[in-house]
Amino acid sequence: MAKKFNRKVGKEGEEIAAKFLSGKGYKILERNYYTRFGEIDLIVLKNNILTFVEVKLKHGEDFGTPEEMIGTSKLSQVQRMAEFYLMDKPKMAEIYKTYSLDAVCIMMGEDGEVGRISHYENLTF
Amino acid sequence: MLTKVLSAAHFGLEATPIEVEVNVFKKGFPGFSIIGLPNKSIEEAKERVKTALINSGIEFPNLKIIVNLAPADIPKEGSLYDLPIAIGILTSMELVKQPEEKSFFYGELSLDGGLRHTKGVFLLALAAKSLGIKNLFVPKDSANEASVIAGINVYPVSSLSELIGFLNGVSEIKKLSHTVHGSLSTGYEAVEFDFSEIIGQESAKRAMTIAAAGGHNIFMQGPPGAGKTMLARATAGILPSLNEEESLEVTKIYSLTGNIPPGEGLITQRPFRTAHHTTSRIGLIGGGSDPHPGEISLSHNGVLFLDEFPEFPRATLEALRQPLEDGKVSITRIAGSVTFPSSFMLIAASNPCPCGYLGDPKKECKCTPRMIMKYQAKLSGPLMDRIDLHINVPAVDIEKLIAGSEKRIGKTQNSKQIRDQVIKARETQNKRFKGLKIYTNANMKNKHIGKFCDIDKRSLLLLKQAVNTYNLSARTYFRLIKVSQTIADLSPERSRRILPNHVAEALQYRIRTNG
């Protein structure tokens with residue numbers, strides 16, 4: 001039950017984030033790139049830099065901010081998946097020598113509308 | 001915005017100023033990290049500071065925060081950085097203004113935003129005084145430790161919100177006024193046993209009085225149940241209070257180890273510590289990768305009682321040798337070398353043999369000679385040489401025990417009377433060694449003996465004879481003079497001069513008679 005709900009929230013977040021990033025001039029390459037080792041929410045491209053995006057969406061601040069949910073272990077997981085993606089697609093790896101890890105954090109308001117959306121670029125951990 | 005808050009780290013008995021640099025970024029992925037060699041307790045400060053701020057009604061910023069504890073190469077430990085970190089964050093967010101004069105912030109936060117008793121405040125105050133830092137913001141429960149030092153402003157802070165109000169000029173925190181060390185007569189503290197409760201053992205009581213008066217080490221030997229432990233514990237009741245300098249030295253050590261109870265300041269009662277024979281060598285001597293004082297330093301200027309002396313591991317006992325001689329112990333670890341004072345009076349108690357009845361007039365000893373040798377060999381010559389008074393505590397005669405307690409009252413001295421004698425003797429010694437940082441006859445170095453001890457010719461002759469007859473060592477010779485001096489100080493006529501009868505009594509405690 002809870003799992004199903006998580007996936008729905010994830011899907012919702014991805015859509016909002018994709019729309020937001022396209023508005024900022026990013027080209028969406030992949031949505032929810034999925035392998036049996038894990039997934040990447042969004043893979044986007046801007047200024048010739050390949051960017052892997054982790055999306056976090058939260059309803060209400062009762063259990064903390066979405067930023068708190070992205071720790072070092074989550075980021076290293078995203079990076080591991082990024083490496084896997086580049087291994088999977090050698091052509092991409094040839095074109096784009098570097099890549100960046102980004103996060104998009106979305107807070108939903110009580111009315112079901114987007115309350116706040118923050119884009120953090122080039123994360124390190 | 002970047003802010004810097006002053007705090008301090010402890011290494012041994014020295015406090016080093018630490019700058020807590022806090023930067024709250026406008027951009028960047030939100031998070032909270034602490035760098036500058038923090039240990040686990042500082043790592044956990046993140047959660048404490050965060051929760052304490054929220055519970056003080058301040059919204060914790062969803063921004064990137066970096067805290068650096070500079071200089072970054074000194075390892076830091078303890079919970080004392082909670083308050084400076086919190087103040088740094090608040091200043092960076094422009095919610096409070098730091099005072100213009102240099103100030104130390106120090107203390108552990110509770111989750112509700114209150115400040116908890118934190119160890120080491122006394123050392124912080126000493127550092128503030130020597131560095132010329134005017135203001136001290138410390139937890140209210142620990143503030144009395146700091147108020148002992150004159151010339152600094154001590155602000156007792158009870159909660160974070162109170163401090164925020166004060167720094168913004170909204171509310172007031174009353175400065176603590178400087179407290180002065182009380183006189184020597186802090187009254188008679190209740191102890192387990194009174195000397196008048198101990199039946200018989202008059203000579204042992206006399207030896208105990210001499211030991212307490214001059215700070216001499218004493219070794220008691222006797223069968224089980226003779227009252228050795230009782231004698232030692234009763235000694236706690238005849239010790240005078242600490243004088244001002246002694247008090248400061250003891251408070252330093254107790255502040256570092258967090259042994260000062262909340263709300264209290266100077267330690268004026270002379271320490272009396274006991275250590276069980278399973279105490280580890282480090283526990284007794286001090287040590288650890290970040291060197292901590294051991295029992296010998298915790299009983300500095302006081303008494304350390306080691307019951308069942310031969311049961312201690314040999315290595316532990318031998319480690320006592322150097323501190324017993326020097327009155328201090330140097331502990332060297334990779335992190336550096338630390339010297340802790342350890343000028344204590346040792347009371348050691350032991351049985352004469354494993355079964356305990358060697359030399360007892362009534363009960364037979366069941367030990368084989370080999371067992372006795374092995375038992376007594378545990379106490380090495382060099383160690384025993386450092387103990388000034390050796391006494392036998394024989395079993396008490398049953399007749400005496402039954403003889404009725406009423407008869408004894410008035411006959412034997414109680415602890416209070418003995419204590420008065422001890423205090424007088426110590427006052428004489430304090431006057432004698434004024435300004436020398438030594439307080440008792442036992443602490444005298446050989447050069448002081450030449451300077452202070454006035455031995456008459458006949459006494460000197462007696463000493464010479466004793467040294468020749470018993471083949472006493474040079475150390476024993478000097479220790480004999482020190483004990484004689486204490487006996488002279490105790491004598492009712494208060495003769496400063498060492499007379500033959502003083503030497504004769506000192507010799508009586510020196511010659512070990514076994515069996």
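This is a predicted model: local features need pLDDT of at least 70, side-chain atom pairs count only at pLDDT 80 or more; totals for chains, interfaces and linings use all residues.
**Close-up views of chain B**

View 1. With 17 C-beta neighbours inside 10 Å, B:F60 counts as partly exposed, because a buried residue needs 20 or more and an exposed one has 12 or fewer. B:F60 sits in the loop that runs between α2 (45-55) and β4 (64-70) of chain B. Apart from neighbours within four places in sequence, the contacts of B:F60 are B:K50, B:L53 and B:I54. B:R370 lies 310 residues from B:F60 in sequence, and their C-alpha atoms are 73 Å apart.

**View 2. Helix α9 of chain B, residues 244-257.** The 14 residues of α9(B) should span 20 Å at 1.5 Å a residue, and the end C-alpha atoms are 20 Å apart, so the two values agree. Buried residues of α9(B) are B:E246, B:S247, B:V250, B:T251, B:K252, B:I253, B:Y254, B:S255 and B:L256. Among the elements of chain B that cover them are β1 (2-11), α4 (121-131), α5 (143-146), β13 (292-293), α11 (295-298) and β16 (336-341). After α9(B) comes B:G258, with a positive phi near 75°.

**View 3. Crossing of helices α20 (residues 457-470) and α22 (residues 500-508) of chain B.** The two axes come within 8 Å and cross at roughly 25°. This angle makes α20(B) roughly parallel to α22(B), since angles under 35 degrees count as such. The crossing of α20(B) past α22(B) is right-handed. On α20(B) the contact is made by B:R458, B:S459, B:L462, B:L463 and B:A466, and on α22(B) by B:P500, B:V503, B:A504 and B:L507. By type, the residues of this contact are 7 nonpolar, 1 polar and 1 charged.

Methods:
Residues are numbered from 1 along each chain as its sequence is written. Chains are lettered from A and ligands numbered from 1 in the order in which they are written. Helices (H or I, at least four residues) and strands (E, at least two) are DSSP runs, numbered from the N terminus. The expected span of a helix is 1.5 Å times one less than its number of residues. Two residues are in contact if their C-beta atoms, placed from the backbone, lie within 7 Å. Axes are lines fitted to C-alpha atoms, for helices over the stretch in contact, and angles run from 0 to 180 degrees between N-to-C directions. Angles under 35 degrees count as roughly parallel, over 145 as roughly antiparallel, 65 to 115 as roughly perpendicular and the rest as oblique. A crossing is left-handed if the near helix is turned anticlockwise from the far one by less than a right angle, and right-handed if clockwise. Ala, Val, Leu, Ile, Met, Phe, Trp, Tyr, Cys and Pro count as nonpolar, Asp, Glu, Lys and Arg as charged, and the others, Gly among them, as polar.
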